[in-house]
Amino acid sequence: MLTTDDTNPHSLPPVIAGPILRKTTSNEVTLWLATSIAFTPTCSLKYKEAELSAENKALHVTQRCMRLGKHLFLHFIHIIPKDSLPYDTWINYNISLQETPSSKIYAMSDWASDLYYQNKNAFGFILQNTVSKLLHGSCRKPHFNSHHNTDGLKIVDDLLASSTVNDWPSLLILSGDQIYADDVAGPMLHAVHQVIEALGLSSEQLEGSDLSDDSELHSNKAYYYKRQELLPHSKKTKDLRKQFFGGVKKPVFTSDTADNHLMTLSEMIAMYLLVWSPTCWRFVTLECPQQIVSAEEKALYDKEKAIILNFKADLFKVQRAMAHLPTAMIFDDHDVTDDWNLNLAWEESAYENPLSRRIIGNALIAYLLFQGWGNKPSAFDDTKMNALDALFNDNTQKRHDNVITELLNFDNWHYEWSTSPPLVVLDTRTRRWVSENKPNRPSGLMDWEALTDLQHTLINNQNAVILVSPAPIFGVKLIETVQRVFTWFGHPLMVDAENWMAHPGSAYALMNLFRHPKTPHNFVILSGDVHYSFVYDITLKGRKNSPNIWQITSSGIKNEFPTTLLNWFDRLNRWLYAPWSPLNWFTKRRGMWVSARKPSNASKGERLVNHSGIGLVILNEKGQPIHISQISDIDNPIEFKKRSSEKQFE
């Protein structure tokens, strides 16, 4: 095993997190790694008798090492093979680490052999010519406590460990809320602060707050369960039209669980490391910090501590799974803050204040480093990455603000992978269709330009597409109606009124996209966000050659909807929007037939599944789903079976 850095007071392991396998096709392999030492990685691939490396000119490898703190280095590794990689073949990958040209070289077997799967002596992956099986999910809140006590990413590892590699899924798709920056348990925030100290992460000035710098948040003024006192918002901001304090309009942080909201860039960096790897937990203690003094807060801390201890126990499995499955990611609101860019009033209020702008910008910087780059390395050229390098080398207020300004104007978070069917992932957060005349009304999830770009991507594409929309395109009608009613009364924030049908322009543009004769014949739409799971089969009315559309929603990986409330929504939705109901004529999808699939665990006609876990979809050669399930227990998956008699008009 690698020896640790003797100058490091915490004796940190050289590898902090990863490797994580990101965008991987026959023509490129993308890897992400976090270390505590400034190693220079050397990468190679091997399959059958072929060994590929930069030395034998079979690979072109570009890699960037970025120093985020005294003892934290991120490695962005992009491998381009000279010849296309083979399909349906186990491909080993190796990352050798060397600190200096004269120091010893350590292969992965020296530092990561405990992460290998049974009967394998290296990390590796399987490429499939056609995506035949995939896993997907969203919403992983570490301190969520359900009677299932399930982390969907742990189930991913269970599935891989119990299958032959030829039966592995092609992809793991994470459709939002990979972290909860706005909803953090007390023990997790305590762990975050210890990681910041151990890794020597940099401090920053927080303009607009009463803090001299962010180190106060990590020491004697950690503000456990009191972050709402620092966040720039007014009394839960229930009404955007009344956000005035001393005559000054205040920005909006609408989460009702923001007592430990992450604020600094260092906090967000530490959070990613703690949810993806068990390593940092080795030097974290979860004993209640002395800053927590009230009996009520101590009791809450102890309750959350038990849940967090269970969460971290499975992180070894999470790390192993993400090292072997190509993983696609996209943000949703909780990766930044609740109701992020919900409407124009929110945007104007949030971005005008330097503190809220900084918090949002910090979340975007962390997203780029930990998620965004691996989705689409070509989108982040040397100019952007050099700006981040400079930020961490000399974090001045001006430089930090300039980086944030660049990211807030960045419009290339969406991406597609050249799989078969192609994977098209939507950015539904930063290119929104705002209602300029009614700033309090919900924005469309994509603006006209973004939807037009999407149509051009889909036109003349293959016969099928896997479309990832963090929020369901076809949601539960009753819930959308409730959101519409609250919006009409001027309170969209109270019910998280973010759905595709909330904005007329984007809704009709999207519906017309499905009607275009040159778009794919089979649409598999993967979504999350809502904290429950369901499947709809959709066809267009009056079209002989209607596209086949499947809305497949899996949420959450570790989160659920309030059970009693969801049961009522499920029941009332079936009554109020039955095929014969005249209410269907008032929906924006009245030109479509929607059939809701019944889950195999339903006892009274339920259509919504409220179980944390991971979604599984198996596709045939045409890109049509032949099996859809939500897995909370690999021995008892909940399957959504199509019943032709259940046709619902919408």
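How many residues apart in helix α2 are Asp158 and Lys154? I looked this up at the start. They are 4 residues apart, which puts about one helical turn between them. The model I am reading is a predicted one.

I checked the pair itself next. Asp158 and Lys154 form a salt bridge, with 2.9 Å between the closest N and O atoms. Helix α2 covers residues 152-161. Asp158 has 15% relative accessibility and counts as buried. Lys154, at 25%, counts as partly exposed. The cut-off matters here: buried means under 20%. I also traced the pair outward. Both belong to a network of salt bridges that links Lys154, Asp157, Asp158, Lys317 and Arg320. For the whole structure I noted 21 salt bridges.

**Entry: Arg429 and its partners**

Which residues does Arg429 bridge to? I found Asp332, at 2.9 Å from N to O. I also found Asp333, where the closest N and O atoms are 3.8 Å apart. Then I placed them on the chain. Asp332 sits in the loop between β13 (327-329) and α7 (344-352). Arg429 sits in the loop between β15 (423-425) and α11 (448-458). The Asp332 pair therefore ties together parts that are 97 residues apart in sequence. Asp333 lies in the loop between β13 and α7, and its pair with Arg429 spans 96 residues. Buried or exposed? Asp332 is buried at 2% relative accessibility, and Arg429 is buried at 3%. Asp333 is buried too.

**Entry: the nonpolar cores**

I turned to the nonpolar residues. The largest nonpolar core has 130 residues. Trp32, Met188, Leu273, Leu369 and Phe370 have the most contacts inside it. Helix α8 (residues 354-375) gives the most to this core, with 12 residues. A separate core has 38 residues, among them Leu451, Phe514, Val530 and Leu566. I listed some neighbours of Trp32. Leaving out residues up to four places away in sequence, Trp32 touches residues including Leu74, Phe76, Leu273, Trp276, Leu369 and Phe370. One general note: nonpolar side chains tend to be buried together in soluble globular proteins.

**Entry: Tyr272**

Where is Tyr272? I found it in helix α4 (residues 265-276). Tyr272 is buried, with a relative accessible area of 1%. Beyond four places in sequence, Tyr272 touches Ile179, Asp335, Ala366, Tyr367, Phe370 and Gln371. I checked one of these by C-alpha distance. Tyr272 and Ala366 are 94 residues apart along the chain, yet their C-alpha atoms are separated by 8.3 Å.

**Entry: Gln128**

I looked for Gln128 and found it in the loop between β8 (123-126) and β9 (133-137). Gln128 counts as buried, at 14% relative accessibility. Its side chain makes a polar contact with the side chain of Ser132, at 2.9 Å. A polar atom of the Gln128 side chain also lies 2.9 Å from the backbone oxygen of Trp168. Other residues that Gln128 touches include Tyr87, Asp88, Pro169 and Ser170.

**Entry: strands β18 and β20**

Strand β18 (residues 534-540) pairs with β20 in the antiparallel sense, over 5 bridges. Leu540 has Met592 in β20 as its bridge partner. Strand β20 (residues 592-596) has 4 of its 5 residues buried.

**Entry: cysteines**

How many disulfides are there? My search of the whole structure gave 0. Cys43 is buried, with a relative accessible area of 5%. Cys280 is buried as well, at 0%.

Note on methods
Residues are numbered from 1 along each chain as its sequence is written. This is a predicted model: local features need pLDDT of at least 70, side-chain atom pairs count only at pLDDT 80 or more; totals for chains, interfaces and linings use all residues. Side-chain values use heavy atoms; hydrogens and water are left out. Helices (H or I, at least four residues) and strands (E, at least two) are DSSP runs, numbered from the N terminus. Buried means under 20% relative accessible area, exposed over 50%, partly exposed in between (1.4 Å probe, protein chains only). Contact means heavy atoms within 4.5 Å. Two strands pair if DSSP finds at least two bridges between them. A nonpolar core is a set of buried Ala, Val, Leu, Ile, Met, Phe, Trp, Tyr and Cys residues joined through side-chain atoms within 4.5 Å. A polar contact is a pair of N or O atoms within 3.5 Å; within protein, one must be able to donate a hydrogen and the other to accept it, and residues adjacent in sequence count only if both atoms are side-chain atoms. A disulfide is a pair of cysteine sulfur atoms within 2.5 Å. A salt bridge is a side-chain nitrogen of Lys or Arg within 4 Å of a carboxyl oxygen of Asp or Glu.
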